[in-house]
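Keep the viewer open as you read.

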2 protein chains.
Amino acid sequence: MHFVEDDGSKKYRTDYNSHGSAGHRKEEFYGKELILADRETVEQEADSILKEADVCDVAFLVVGDPFGATTHSDLVLRAVKLGIPYRVIHNASIMNAVGCCGLQLYNFGETVSIVFWTDAWKPESFFDKIKKNRQNGMHTLCLLDIKVKEQSLENLMKGRKIYEPPRYMSVNQAAEQLLTIIKNRRLQGEEPEITENTICVGLARVGAPDQKIASGTLHQMSTVELGGPLHSMIVTGSMHPLELEMLKLFSVDSCSNSENNAFKRTA
Amino acid sequence: MHFVEDDGSKKYRTDYNSHGSAGHRKEEFYGKELILADRETVEQEADSILKEADVCDVAFLVVGDPFGATTHSDLVLRAVKLGIPYRVIHNASIMNAVGCCGLQLYNFGETVSIVFWTDAWKPESFFDKIKKNRQNGMHTLCLLDIKVKEQSLENLMKGRKIYEPPRYMSVNQAAEQLLTIIKNRRLQGEEPEITENTICVGLARVGAPDQKIASGTLHQMSTVELGGPLHSMIVTGSMHPLELEMLKLFSVDSCSNSENNAFKRTA
């Protein structure tokens with residue numbers, strides 16, 4: 001059992017935690033057919049993937065680092081229980097590639113996930129984690145929600161395997177949700193640690209040739225144009241002068257000397 | 001200017017934040033001579049590296065992710081100021097590869113560095129950061145000190161460029177320092193959050209074919225045999241059952257059902 005790119009004779013590919021658009025190019029690269037394994041396959045048919053491992057090498061390709069998802073730990077545990085040797089080949093992931101915006105990896109606190117709000121469910125728990133990080137002077141990497149192969153409530157109830165189109169949260173949407181929470185907190189009499197003017201970084205398609213990075217206030221993040229998925233956002237904590245200088249390279253403010261420059265106002 | 005593996009016609013290689021032993025294999029792989037750039041070269045002669053970028057492509061290879069070190073942000077800033085386009089190719093780094101031990105990356109707090117103590121300088125600040133992470137239920141990745149091209153005080157004072165042999169902190173040494181701090185704190189009347197029995201993970205040569213992972217108590221980490229550098233250590237916070245199950249795969253306890261098993265005692 002191999003995790004990620006190797007010469008196994010049977011290859012599974014997954015992209016349920018990301019936005020995999022490179023399937024065809026990968027098949028060309030490996031010169032072999034890849035079997036697309038969606039979350040259902042990996043979670044519910046893990047043993048059938050592993051069953052083949054006694055007759056041939058099985059490789060399991062993922063986007064990002066293989067241990068970003070608990071699902072893959074589960075696969076390792078199953079392999080070990082079945083006496084199947086495994087090997088991991090690591091890869092860059094958003095967890096370290098965010099360093100490209102200039103914020104130091106050592107200055108990040110706990111990573112949070114920002115989920116899509118629904119009419120009935122508007123959790124704010126991620127906000128409190130970001131607040132805590134910022135109180136400790138730490139930056140927060142916010143991973144933004146992905147909805148792939150989701151069923152509508154109606155289709156789920158009726159047991160129809162009809163899936164909604166995939167949705168990827170944008171930096172704009174994440175910023176909007178944070179701004180709403182800030183308003184809510186103010187109504188509750190709290191003056192939150194994080195405001196419209198807190199310096200944030202929006203990142204899109206990190207590592208791809210068309211990656212985009214934009215730094216500015218949280219308010220600016222709600223309208224910044226970053227293009228297609230995947231997006232991530234960082235809420236900064238305390239900044240070292242070198243970090244600040246790097247962030248200025250990606251400032252959304254056209255005029256970096258203006259009095260309205262986000263970095264002058266709030267840094 | 002390229003960061004990391006590309007087809008630039010001039011290639012610099014650095015390993016001052018790691019333990020680069022693959023220089024020759026790399027030259028074979030790229031079919032080109034690599035110029036070894038030590039910390040001095042990169043920090044003091046950065047502009048001479050960049051100067052060549054107008055006549056040829058310059059590639060700069062690093063171990064781990066390029067933005068693990070502030071030195072590389074500085075190089076980017078210099079390139080931008082000189083109008084030199086740059087491109088980053090990301091790579092796995094210990095910051096995400098630690099996931100191979102089974103602890104979830106999302107459950108890590110701030111990363112700390114444990115430095116070599118000297119007779120005169122025994123800082124304990126990293127201990128307080130680990131404590132804070134653990135109080136928040138988070139794991140702590142401890143990066144262990146590296147001393148490469150260090151001069152003795154005598155040679156430094158006399159201006160002699162004679163360097164001490166490189167030193168890499170082992171998990172044993174890091175654990176010993178933490179155990180000493182715990183003793184100190186007890187003498188001061190504090191009952192520290194982290195004790196001899198706190199579950200830790202020792203990692204050696206992560207990603208290499210001979211990588212080693214060992215989980216057990218902090219006390220066990222002070223004697224565990226992990227072989228040559230580089231080492232890292234994790235002090236765990238609260239553990240999810242799946243994380244615990246993964247850690248058991250790497251338990252130093254020979255008899256995992258014994259009453260003395262670290263995971264039974266303190267998990």
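**A guided tour**

A:Leu156 sits in helix α7 of chain A, which covers residues 153-157; helices here are DSSP runs of H or I with at least four residues, strands are runs of E with at least two, and both are numbered from the N terminus. The model is predicted, so local features need pLDDT of at least 70 and side-chain atom pairs count only at pLDDT 80 or more, while totals for chains, interfaces and linings use all residues. Residues are numbered from 1 along each chain as its sequence is written, chains are lettered from A and ligands numbered from 1 in the order written, and side-chain values use heavy atoms, leaving out hydrogens and water.

Together with A:Leu153 and A:Met157, A:Leu156 makes a nonpolar surface patch of about 390 Å². Such a patch joins nonpolar side chains (Val, Leu, Ile, Met, Phe, Trp, Tyr) within 5 Å, taken from residues with over 30% relative accessible area and no salt bridge. The areas come from the Shrake-Rupley method with a 1.4 Å probe, and for residues only the protein chains shown count as cover.

Now turn to the interface. Chain A and chain B bury about 3,400 Å² between them, 64% of it on carbon and sulfur atoms; buried area is the accessible area (1.4 Å probe) that two parts lose on being put together, summed over both. A:Leu77, A:His90 and A:Tyr106 supply 17% of the area that chain A buries against chain B, more than any other three residues.

Two salt bridges are counted between chain A and chain B, where the term means a side-chain nitrogen of Lys or Arg within 4 Å of a carboxyl oxygen of Asp or Glu. In one salt bridge, the side chains of B:Lys81 and A:Glu245 meet at 2.9 Å, N to O. On the side of chain A that touches chain B, the elements giving two or more residues are α4 (70-81), α5 (94-97) and α10 (241-248) of chain A. Of these, α4(A) gives the most, with seven residues.

Elsewhere in chain A, the side chains of A:Asp128 and A:Lys131 form a salt bridge at 3.7 Å, N to O. These two are separated by about one helical turn, because they are three residues apart in helix α6 (residues 125-135) of chain A.

Finally, look at the backbone. A cis peptide bond with omega of about -10 degrees joins A:Pro229 and A:Leu230, and A:Leu230 is in the loop between α9 (218-221) and β12 (231-235) of chain A.

Notes: Patches are made of residues with over 30% relative accessible area and no salt bridge: like charges are joined within 9 Å, nonpolar side chains (Val, Leu, Ile, Met, Phe, Trp, Tyr) within 5 Å.
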